[in-house]
Amino acid sequence: MKDKFYDYIQKLQDTITTKLEEVDGKAKFQQDIWKRPEGGGGRTRVIENGNVFEKGGVNISKVYGELPKSMQQYFGVEDADFFACGLSLVIHPKSPMVPTVHANWRYFEMYNKNGDIVDQWFGGGQDLTPYYLFEEDAQHFHRTCKNACDAHNREFYPAYKKKCDEYFWNAHRNEARGIGGLFFDYCKATETMTMEDWYNYVTEVGDSFLDAYVPIVTKRKELPYSQEQRDWQEIRRGRYVEFNLVHDKGTLFGLRTNGRIESILMSLPPHVQWRYDHHPEKGSPEEQLIEVLQHPKNWV
């Protein structure tokens with residue numbers, strides 16, 4: 001399973017970066033191959049200063065070896081070895097009319113002293129963070145997520161949409177990071193879902209990513225915007241950074257397993273603002289966004 005999924009994410013990385021370069025029309029992804037001293041490594045691809053994308057990363061990694069002490073405590077095990085692989089992406093467009101997007105699909109195995117698999121699971125999801133709310137874009141993104149879920153189990157979308165709203169929640173701000181999408185974790189074999197079934201589901205979601213995001217980018221990338229709207233984008237990016245550094249489990253896992261710092265923090269945008277006690281004007285489009293972030297909606 002681990003070889004099969006790693007092969008899948010390598011091909012998916014190629015597909016996504018090729019398409020995003022086509023959409024941007026100027027910038028190309030720069031590739032960086034890295035190795036982890038304790039075992040494994042990855043292939044980082046970063047795009048910067050394009051026509052459409054100010055900064056973005058589409059990274060794959062495969063790491064393995066002895067599970068660090070901090071993670072042994074987290075999982076409640078001793079002297080365990082692990083294998084983890086995944087694809088993680090964050091795209092920050094230049095225009096505040098185009099939403100930021102994040103996605104991640106991953107697979108994890110844990111082994112006993114004899115090398116036998118004692119636990120394995122899939123996780124992942126995809127979510128959208130707009131700066132200006134276009135309801136038809138939110139509906140399109142969520143409808144694409146729902147279609148991918150419904151092909152496997154009609155209960156998946158409402159369950160994983162809810163988990164996404166709960167997970168990407170900036171508790172210290174009492175608001176969501178964005179308008180959500182899907183979030184699932186610890187997807188293990190059950191009486192109704194084999195690991196092969198989970199592989200089929202996760203890869204269906206992965207394959208849906210470009211269909212969910214690219215039409216929105218294409219529709220919004222040429223819209224005019226003001227410096228004030230750009231400032232709002234950078235203020236909201238600050239909230240994005242806060243979530244990733246304070247709450248995100250993926251960031252914390254990477255730091256605790258001696259992951260590559262440049263790859264872990266590629267999710268951070270290049271231009272951000274933190275303004276003291278900033279509040280949008282009453283009745284403004286900016287306030288409308290905040291209202292939705294404080295009270296997540298059902299989009300489909």
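This report describes strands, helices, pockets, cavities and selected residues of a predicted model.

## Basis of the description

The model is predicted, and local features are considered at pLDDT of at least 70, side-chain atom pairs count only at pLDDT 80 or more, and totals for chains, interfaces and linings use all residues. Residues are numbered from 1 along each chain as its sequence is written, while side-chain values use heavy atoms, with hydrogens and water left out.

Strand 1 (residues 30-35) pairs with strand 2 (residues 40-48) in the antiparallel sense over six bridges, where strands are DSSP runs of E with at least two residues, helices are runs of H or I with at least four, and both are numbered from the N terminus. Two strands are said to pair if DSSP finds at least two bridges between them. Within this pairing Lys 35 has Gly 41 of strand 2 as its bridge partner, and the two strands form a hairpin with four residues between them, in whose turn Gly 39 has a positive phi of about 140°.

Strand 2 also runs antiparallel to strand 3, to which nine bridges join it; here Gly 42 has Ser 61 of strand 3 as its bridge partner. These two strands likewise form a hairpin with four residues between them, and Asn 49 in the turn has a positive phi of about 55°. Strand 3 pairs in turn with strand 4, in the antiparallel sense and over 13 bridges, with His 92 of strand 4 as the bridge partner of Lys 55. Because 10 of its 14 residues are buried, strand 3 is largely enclosed by the rest of the structure, buried being under 20% relative accessible area, exposed over 50% and partly exposed in between, with a 1.4 Å probe and protein chains only.

Helix 6 (residues 227-246) has 20 residues and reaches 29 Å from its first C-alpha to its last, close to the 28 Å expected at 1.5 Å a residue, the expected span being 1.5 Å times one less than the number of residues.

Arg 239 is found in helix 6 and is buried, with a relative accessible area of 16%. Leaving aside neighbours within four places in sequence, Arg 239 is in contact with Asn 170, Arg 173 and Glu 175, contact meaning heavy atoms within 4.5 Å. The C-alpha atoms of Arg 239 and Gln 31, which lie 208 residues apart along the chain, are separated by 28 Å.

Thr 129, found in strand 6, counts as buried at 5% relative accessibility. Not counting residues up to four places away in sequence, Thr 129 touches Pro 99, Thr 100, Arg 177, Gly 178 and Tyr 240.

Ser 208 is found in helix 5 (residues 195-220) and, at 8% relative accessibility, counts as buried. With residues up to four places away in sequence again not counted, Ser 208 touches Gln 126, Thr 144 and Ala 148.

The largest pocket has a volume of about 1,100 Å³. Of the 50 residues that line this pocket, the closest to its centre are Asn 104, Arg 106, Gly 250, Thr 251 and Phe 253. On a 1 Å grid over the protein atoms alone, a pocket is an open set of points with protein on both sides within 12 Å along at least five of seven lines, a cavity is a set of points where a 1.4 Å probe fits but cannot get out, and lining residues have an atom within 4 Å of a point. Grid points are joined across faces, edges and corners, and a volume is the space filled by probe spheres set on the points. Helix 7 gives the largest share of the lining of the largest pocket, seven residues, and the lining divides into 23 nonpolar, 19 polar and eight charged residues. Here Ala, Val, Leu, Ile, Met, Phe, Trp, Tyr, Cys and Pro count as nonpolar, Asp, Glu, Lys and Arg as charged, and the others, Gly among them, as polar.

The second largest pocket has a volume of about 300 Å³. Among the 14 residues that line the second largest pocket, His 278, His 279, Pro 280, Ile 290 and Gln 294 are the closest to its centre, and the elements that give two or more residues to this lining are helix 6 and helix 9 (285-294). The lining of the second largest pocket divides into four nonpolar, three polar and seven charged residues.

## Cavities

A search of the whole structure finds three cavities of 30 Å³ or more, and the largest cavity has a volume of about 50 Å³. The residues that line the largest cavity include Met 97, Pro 99, Leu 128, Asp 137 and Ile 216; by class, this lining has 10 nonpolar, no polar and one charged residues.
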